[in-house]
Amino acid sequence: MSFFSILWGQIVFLFPYWILGIFIGSAVSVFVKDKIHNFFIKFQNKKWDIIGLFIASICGILSPVCMYGTIPIIASFAEKGIREDFLAAFMVSSILLNPQLIIYTTALGYEIVLLRIFSCLICGILAGLFIQLFFKNKNFFNFSNFQSQKSKKIKQPTLITYLKDIVKNIKITGTYFFIGIFLASIFTKYLPTNILIDYLGKNTQFNIIIAILASIPLYICGGGTIPILATWIHSGMSNGSVIAFMTTGASTKITNLSAVKIILGIKHFLFYLLFILSYSFILGFMIDSIK
């Protein structure tokens, strides 16, 4: 099969998921985003604990805002008295997943979708528990040099607003999506399949480490990695490696790291990295071991 045939096949298969993700993600962003954030503000009762962390993590997953948009939101939550463990659960889940990415991930099969949602939910909850255990009487976040955005008069969402958001998302994600398809086609055509099966398909600690290391340079955009992962899964990549790749990649993407650094000092920033890398490895290994 020629390279261009592979390229066209990738486009035909993945394009509908990308477009559907754009439309649904924009709908959530325009019509539902504020309701999700207002809903989260209600849960400040200190007796909620694990239930509160679960709700915070769910709200983070449902929030469609990019990490630079999430920082002002987290700061406003802090001003309203939201507990830091809840903030951590919301932030980590928001980094890892959003409604648009959920739709993109369906291209990899519903088993991967469910594993990704579950892994992000658990990661958010564990992040909150981490704050409870090690920073119970200390501040983990630092908003001293950050001024949250002042509330502006919110305009009612309209069809025009929705269409503008769709166009914006197409511009943001389109380039990375097609770059991902191009790279996936190159891998399919020129990279020997047995290499991927040997290093990413076996249930060993080594395949998880390879997936984690590969995600750091390759995960530039969540949508752009879907074509690459689809090719690797077809070649034998294990589910544990896929989830480890997604978790580490989203958490260490340079734009997300620079945004997180705004509200974390260097020490707490290193705690964040250690937590994510450890979680990605352990979770990936557990998924492969169970299967």
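A residue is called buried when its relative accessible area is under 20%, and in this predicted model Phe140 and Phe141 are both buried. Their ring centres lie 5.4 Å apart with the planes at 90°, so the two form an edge-to-face pair. The whole structure contains 16 aromatic pairs, and another of them joins Phe275 and Tyr279, which are stacked with 6.4 Å from centre to centre and 15° between the planes. Because Phe275 and Tyr279 are four residues apart in helix H13 (residues 266-290), about one helical turn separates them.

These four residues belong to one aromatic cluster, together with Phe130, Phe134, Phe135 and Phe271.

The largest nonpolar core has 78 residues, among which Phe40, Phe77, Phe141 and Leu264 touch the most other members; helix H1 (residues 3-41) contributes the most to this core, with ten residues. When neighbours within four places in sequence are set aside, Leu264 is in contact with Phe140, Phe141, Phe269 and Tyr272.

| Residue | Relative accessibility |
|---|---|
| Cys59 | 2% |
| Cys120 | 2% |
| Phe275 | 15% |
| Tyr279 | 9% |

The cysteines raise a separate point. A disulfide is a covalent bond between the sulfur atoms of two cysteines. The structure holds zero disulfides. For Cys120, the closest cysteine sulfur is that of Cys123, and at 7.2 Å this is too far for a bond, given that a disulfide requires the sulfur atoms to be within 2.5 Å.

Definitions and conventions
Residues numbered from 1 in each chain as written. Predicted model: local features only at pLDDT ≥ 70, side-chain atom pairs only at ≥ 80, totals over all residues. Heavy atoms only, no water. Core = buried A, V, L, I, M, F, W, Y, C linked by side-chain atoms within 4.5 Å. Buried < 20%, exposed > 50% of the residue type's maximum accessible area, 1.4 Å probe, protein only. Helix = DSSP H or I, 4+ residues; strand = E, 2+ residues; numbered from the N terminus. Contact = heavy atoms within 4.5 Å. Phe/Tyr/Trp six-rings, centres within 6.5 Å; stacked < 30°, edge-to-face > 60°.
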